Amino acid sequence: MTPNRDVAASAPGADRQHLVACEYCDAVYQRADLATGEQALCRRCGGSLYRESRRAYQQLLPLVATALILFLLSNVFPIVEMELKGIRAKTTLWGAVQALYADHMVLVALLVFATTILFPLAEMMMMLYLLVQMGRRRVPTGFARIVRGIQLTRPWGMIEVYLLGVVVTLVKLSSVADILAGPALWSFSALVVVLATMLSFDPRDLWQYLAKGPPR
């Protein structure tokens, strides 16, 4: 079981840079350093305030770089190849968006484009920019706006939902057509795992490492 630690309530005159508010009851606390594996809980409502994230922060830049490579592979190579009655067809993620648009399903095409390409790519690029600058011990230009941007775009990235839809579709079509999983399906699956690991890091914790510098 993960050990927890109550955090002392904020006192007047406390360092505002290290204050943290409970997102459930709005109680404000002075942020304290945690040991590995600990998380801070709200004394008022018991909600989670933050977790110790030093190791997650150290792994974040390699994860973002890996995610960008997998994202590129997922959009260059076909997701699936299908043969039905002698007709062979294959498509990429971008090709699926174009097919939806060509079939006059504009809103669906825009939704797929936004949730599987635009928002995930935007989050990865923003994270990469911040982490590279912070790794050089620089304060990234527009840091606060970019962190808020990450928080806004994160809920709209739904690559895992798209992957689940693709797998379900392939299973259903396998009885009427020859289905061959393309390279992008495997890179897409790996991308979902990498993104899930990235999502375990709260972007608000970047403020702490901006003030302290990279952990050693």
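Helices (H or I, at least four residues) and strands (E, at least two) are taken here as DSSP runs, numbered from the N terminus. In this predicted model, local features need pLDDT of at least 70 and side-chain atom pairs count only at pLDDT 80 or more, while totals for chains, interfaces and linings use all residues. Residues are numbered from 1 along each chain as its sequence is written, and side-chain values use heavy atoms, leaving out hydrogens and water.

Among contacts (heavy atoms within 4.5 Å) between residues at least 6 apart in sequence, 61% join residues at least 24 apart.

Now zoom in on Thr 153, which belongs to helix H4 (residues 143-153). Thr 153 is buried, its relative accessible area being 12%. A polar atom of its side chain sits 3.3 Å from the backbone oxygen of Ile 150. Beyond its neighbours within four places in sequence, Thr 153 is in contact with Phe 119, Glu 123 and Met 126.

For a contrasting residue, turn to Ile 69 in helix H1 (residues 54-76). Ile 69 counts as exposed because its relative accessible area is 53%.

Finally, the surface: the protein exposes about 12,800 Å², with carbon and sulfur atoms supplying 62% of it; such areas come from the Shrake-Rupley method with a 1.4 Å probe, and for residues only the protein chains shown count as cover.

Key. Buried < 20%, exposed > 50% of the residue type's maximum accessible area, 1.4 Å probe, protein only. Polar contact = N/O pair within 3.5 Å; in protein donor to acceptor, adjacent residues only side chain to side chain.
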